[in-house]
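Dear colleague,

Please find below the structure I am handing over to you. My notes on what was found in it follow directly after.

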Amino acid sequence: SLMRSSDEGEEKLICLFNFTPVAYEDYRIGVPMEGHFKELLSTDDPAYGGSGQWKNPKAMRSQDIAADGKPYSISLKLPPFGGLYLAYTPLSPLEEARTQRKRKLAIIEEREGERKQLRAQLAGLPLEEERNPKEDMLFYECDSRLRALEGELEDARRAAEEAQSQLAALEKKRVAKASGKKGGKTKKASPRIKATGKAYLE
């Protein structure tokens with residue numbers, strides 16, 4: 001596989017080639033950026049003498065799954081003895097805001113799960129005067145991590161609130177724009193002179 005970019009770097013094209021007789025139903029390839037990938041050309045298309053069996057969706061969105069040394073990836077169908085050309089489109093500001101909010105909430109959920117486990121470990125330990133050295137060590141490790149976790153949770157909640165505010169602002173802007181389009185624009189009348197010399201409005 002390879003990727004080619006325009007001089008400005010805004011337009012990107014990903015090319016994949018399979019030189020084996022084996023088709024891949026769920027082939028994962030790493031990509032360096034988030035966004036949507038559209039199949040522009042497939043050599044499996046009947047127009048090029050292909051079977052048409054290995055057709056991908058019109059739009060494939062990147063996933064937060066690292067692959068091939070890249071932070072994101074997409075899963076697709078790769079035909080045998082074939083090639084694919086994929087065009088890249090970045091996420092819209094609204095999609096980016098939704099993605100960021102989802103990630104912040106996932107961090108909170110992960111930290112709260114860890115906190116729950118630590119509290120369960122601490123609750124299962126004997127009283128201080130009954131603990132052995134190993135249990136003492138475990139207590140201090142759990143207690144230290146729990147204190148640090150509270151600070152991380154506070155930061156994560158603050159980040160999630162900021163992400164929610166940004167998303168709400170973008171949603172409000174989108175709704176206002178949609179309402180404006182639905183209402184339509186008033187066309188300004190322009191006078192024209194008929195052959196008779198009278199003005200009219202259209």
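**Findings**

The protein chain exposes about 14,400 Å², and carbon and sulfur atoms supply 53% of that area; accessible areas come from the Shrake-Rupley method with a 1.4 Å probe, and for residues only the protein chains shown count as cover. Please note that this is a predicted model, in which local features need pLDDT of at least 70 and side-chain atom pairs count only at pLDDT 80 or more, while totals for chains, interfaces and linings use all residues. Residues are numbered from 1 along each chain as its sequence is written, and side-chain values use heavy atoms, with hydrogens and water left out.

The secondary structure comprises two helices and nine strands, where helices (H or I, at least four residues) and strands (E, at least two) are DSSP runs numbered from the N terminus. Read from the N terminus, the order of elements is β-β-β-β-β-β-β-α-α-β-β. Of the 202 residues in the protein chain, 25% are buried; buried means under 20% relative accessible area, exposed over 50%, and partly exposed in between (1.4 Å probe, protein chains only). Among contacts (heavy atoms within 4.5 Å) between residues at least 6 apart in sequence, 67% join residues at least 24 apart.

Phe19 is located in the loop between strand E2 (12-18) and strand E3 (24-31). Phe19 counts as exposed because its relative accessibility is 71%.

Ser75 belongs to strand E6 (residues 72-78). With a relative accessible area of 26%, Ser75 is therefore partly exposed. Although Ser75 and Asp26 are 49 residues apart in sequence, their C-alpha atoms are 5.8 Å apart in space. Neighbours within four places in sequence aside, Ser75 is in contact with Asp26, Tyr27, Arg28 and Met60.

Thr99 is part of helix H1 (residues 93-124). Its relative accessibility is 10%, so Thr99 counts as buried. A polar atom of the Thr99 side chain lies 2.8 Å from the backbone oxygen of Glu95. If residues up to four places away in sequence are not counted, Thr99 touches Glu34, Arg61 and Leu91.

Yours sincerely

Note on methods: Polar contact = N/O pair within 3.5 Å; in protein donor to acceptor, adjacent residues only side chain to side chain.
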